[in-house]
Each structure stands twice: as C-alpha cells, then as structure tokens.
Amino acid sequence: MFVTVGFVVAERVLYIPSIGFCILITFGLRKLRNTARFYWILQSCTIFLIVLFMARTVVRNTDWQTRETLFTSGLTSVPHNAKVHYNFANLQKDLGNIENAVEHYRMALSLWPNHASAHNNLGTLLPDTQQAENHFKLALLINSHHPRALFNLASLYSKQGRKQVSQELLQRAIELDQAFIEAYSSLATIYAEDGRLEDAESLHLKALDRDPNNADSFNNYGTFLQKSGRMEEAVQQYRQAMRLQPNHTVAIVNAARSLRALKNNREAEELYKRALSINSDPKIMDNLGVLYISAGRFADASKLYKELYEKHSDYVEGRVHFAQVLMQERSFPQAEMILQSVIKENNTHRDALHQLSILYSQVNKTAEALEYILKSLNFCSSEEIACAQLHADHGDILKDLKQLDDAAQSYKLAIQLDAKLSHAHVNLAVINHLQGECHQALRHYHEAYILDPENQLLHENMRKLKLHLLDGSGTCAKKKKPGTCKSR
C-alpha cells in the first residue's frame with residue numbers, strides 16, 4: 001500500500017494484507033449477525049473465498065516444489081519480466097544447460113539492459129573472449145562496485161597474460177568484498193607466478209582466516225605448497241579440505257599426486273580410487289593408470305586402460321597411455337593404430353608423437369623413430385623440463401645411427417633441462433668413453449651413480465674406465481667398448 005515492490009503481486013507481499021482482510025471479514029460478520037439475509041450472503045461469500053483460496057494455494061504449492069518449477073511458473077505468469085528470465089537463466093547455468101542460460105540472460109537484458117549481474121553472468125558463459133570482456137565491462141560501467149565482474153574480468157586478462165591489469169582488478173575486488181575468497185586465491189596465484197612467494201602465501205593464509213571452513217581455500221593453499229615443493233605440508237592442507245568436504249574430488253586427486261611424489265603409492269592409489277567412487281572422471285582413471293605404469297604394475301594398468309578405452313574412447317590422454325601399456329605388452333600393431341589415430345585428430349600432440357617414436361625405435365624402424373621424435377621436439381620450448389626426456393630419446397636414436405657427436409649434444413640438452421635424468425648421464429658418459437674423453441666420462445658416470453646406484457651395467461662401465469685411467473694411457477676408446485644403459 002505504501003511502498004513499491006519488485007513484483008505487482010507476490011505471495012510474501014500479501015501476507016500482512018491477508019491478515020487485515022481476515023480481521024475485516026470477522027468484524028463485518030459480527031456487525032451483521034442480527035441482519036439474517038446480509039449475514040448469510042456475506043458468510044456464504046466468505047466460505048466460497050476461503051475454499052477458492054485454499055484450492056489455489058494447493059495448486060500454487062506445486063510451483064514451489066523445486067527451484068525449477070518455481071522459475072518455470074514465473075516464465076508462464078510474467079514472460080516479460082526481466083528478473084524472472086534472470087533467475088531462470090541462473091538455474092539453467094547451475095544445471096549445465098549453457099545454451100538455455102545464455103538465451104534467457106539475453107532475454108533479461110533485452111527487457112532490462114542495465115542489469116549488471118545479467119551482463120556479468122552472461123560473460124562467464126560466452127566462448128568468445130571479446131564478447132565476454134564486453135559484458136564484464138558493461139557490468140562494471142553500470143555498477144563499478146561489482147566485485148564478481150571485477151573478478152571475472154581479471155580472470156580473463158590473466159589467461160591472456162595481462163597480469164598487471166588482472167592484479168589491479170583483483171585488488172579492487174578484495175577492497176569491495178573483504179570476504180571474497182576466490183579473489184584472494186587468484187591474486188595469490190599471480191603473486192606466486194611472479195616469484196612473490198611470501199606475498200602469495202600471506203594471501204592464502206588471509207583467505208583461510210576469513211573463512212576457516214572453506215574447503216577450496218585449503219585446496220588452493222595446498223596447490224601453492226605443492227608447486228613450491230613443500231609436498232608434506234601440501235598433503236596436510238588437502239587432508240583438511242577433505243575433512244571439511246569429504247567429496248572434494250579436486251583435493252582428493254591433488255593429495256594423491258602429492259603422495260605419489262612422496263613415493264607413498266599405496267595411499268595415493270587409495271585416494272584415486274576414493275575419487276573415482278565419487279566421480280568416474282576419465283582424468284582420474286588416467287591418473288591412477290599413470291601411477292600403475294610408473295610403479296611397473298602393467299597388469300593393473302592394462303586392465304584399467306582397457307576399461308577407460310571402452311568407456312571413454314574419446315579421452316585422448318587415456319588413449320596415449322593405453323598405447324604405452326600395449327607397447328609394454330609388445331602389442332605393437334594395436335599401440336601404433338591408437339597413436340596414429342590420435343595424431344590424425346591432432347598432429348601437434350607432442351606425447352603421441354613421442355610415444356610413436358619410441359614404438360618405432362623398439363621395432364627397429366629407426367628412420368621412422370627419428371622422424372617422429374623430431375616432430376615432437378618441434379613443440380618443445382627451450383626451457384621446458386618435460387622435454388628433457390625427448391632430447392634424451394633423440395640422443396638414443398642418433399647413437400643407434402652412429403651419429404655420436406649429435407647424440408652427445410642431445411644428451412647435453414637433456415641434462416641442462418633435467419640434471420636428474422640418469423640415463424642421459426650414462427649414455428653421454430658412454431660416448432665420452434668411446435671418444436677418449438675419460439675425465440668427462442667419469443664425471444657423468446658419477447652423476448648417474450648418485451641417481452641410480454643399483455645399476456649394474458653402470459658399475460661395470462665405471463670399473464673399465466677407472467682401469468684405463470690407472471694404466472696412464474689417457475685413451476678410453478682403445479680398450480673394450482663400454483656398455484650402454486637405456487631407460488625408456
């Protein structure tokens with residue numbers, strides 16, 4: 001009666017007027033009790049209204065059963081109401097119906113162009129980054145104090161490498177909303193990438209202080225610690241995230257990865273299986289399979305990857321790792337077929353090219369092996385540690401082709417990227433030994449020994465080399481040729 005409300009008629013707005021209506025009817029009936037005819041007419045009308053409203057309430061209750069039925073009924077009742085379309089779009093977004101959500105956000109904006117949150121939410125769903133950026137900017141133009149729009153625009157800029165702008169936007173979002181936990185974590189990630197580890201850790205701790213029951217905050221802090229090499233501390237944070245949210249599959253998988261890095265394969269395996277019991281995600285299955293491969297449990301890996309291949313044949317990484325297992329089983333034709341199918345779909349898939357090179361090397365197709373290892377190396381950066389193994393395998397192929405100088409260069413590149421690559425040290429030492437560079441050979445043998453003290457062939461090569469050095473000849477190659485160590 002006295003103030004404007006969002007809807008012309010809404011149940012919550014009618015509660016107090018309904019009480020007044022009941023009081024008025026009761027008062028009227030008492031006044032008219034002595035006038036039989038009017039009393040009977042008013043009483044009949046009142047009973048009719050009560051029955052009618054009861055029936056309408058029962059019917060309306062079906063609309064309130066779920067969020068979906070409520071917002072769907074709103075679309076039917078007031079199809080030209082922007083807020084109804086906005087609410088329905090939010091529902092569709094939460095249900096994963098992206099196209100429906102986009103359609104209704106656009107309808108809401110056509111009815112209410114200055115709806116800042118509709119612009120912001122629409123921007124999060126658009127695959128075109130330019131369109132998304134425009135909607136985030138429009139949201140901020142309408143409401144410059146919109147923390148979520150600031151956060152989303154910052155995330156977009158961060159992916160584009162515009163770290164400074166992203167940092168400023170996140171700082172502004174935190175100023176506006178001191179409890180915006182996601183903004184703390186995102187800003188901490190930028191600080192960590194810039195090498196500001198203390199500032200990053202401080203932000204993670206602030207997020208935990210703001211909301212000590214937020215499982216995502218513990219997971220994010222654990223990720224920071226894991227990337228910093230503080231594996232045991234990371235595991236503790238992941239455990240806390242799992243205590244707060246037992247079904248937090250991201251924290252479970254992250255904990256499993258950290259435990260695997262700590263050589264605790266048993267518990268890592270249990271956690272991967274726990275995550276799979278919650279969500280049969282092919283990525284989780286693949287992580288468990290990689291654990292089996294690294295532990296040498298090829299029978300378990302084979303069983304798992306066959307299941308993964310049957311259920312998720314379109315999951316590319318699983319197919320590549322399945323081919324690795326098939327190669328261990330010496331099922332080379334099937335492994336080749338799978339790898340070639342991956343490369344046909346994506347000829348820049350570095351790991352598939354690499355694995356196909358290894359396969360051809362194992363079946364003595366050295367020319368083909370060299371062709372594919374060079375293709376995979378084309379997609380390596382000069383500082384990427386993961387490429388160390390590719391350079392080492394390239395060296396192995398060149399050594400098989402008797403191109404020792406080129407092979408030595410490849411092993412050196414591998415060691416520069418990853419000084420802990422034992423077999424690169426061994427094979428470089430073998431080449432140094434063959435070429436008469438005794439002291440260089442001994443240095444690399446020692447490096448390999450520290451990394452792999454149980455390698456018997458390495459012991460034999462070191463013994464031969466030391467004998468050469470002791471006889472004072474100064475030439476390594478004149479003696480018996482050293483053995484070669486390879487670890488694919």
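**A tour of the predicted chain**

Residues are numbered from 1 along each chain as its sequence is written, and side-chain values use heavy atoms, with hydrogens and water left out.

Colour the chain by secondary structure next: it has 26 helices and 0 strands, taken as DSSP runs numbered from the N terminus (H or I, at least four residues, for helices; E, at least two, for strands). Of its 488 residues, 42% count as buried, that is, under 20% relative accessible area with a 1.4 Å probe, counting protein chains only.

Now select Tyr105, Tyr305 and Leu339, which have the most contacts inside the largest nonpolar core, a set of 110 residues; such a core joins buried Ala, Val, Leu, Ile, Met, Phe, Trp, Tyr and Cys residues through side-chain atoms within 4.5 Å. A second, separate core of 11 residues includes Ala429, Val430, Cys438 and Leu442.

Finally, go to helix α14 (residues 249-261) and pick out Ser258, which is buried with a relative accessible area of 0%. Leaving aside residues up to four places away in sequence, Ser258 touches Gln226, Met231, Ala234, Val235 and Tyr238.

Technical notes. Predicted model: local features only at pLDDT ≥ 70, side-chain atom pairs only at ≥ 80, totals over all residues. Buried < 20%, exposed > 50% of the residue type's maximum accessible area, 1.4 Å probe, protein only. Contact = heavy atoms within 4.5 Å.
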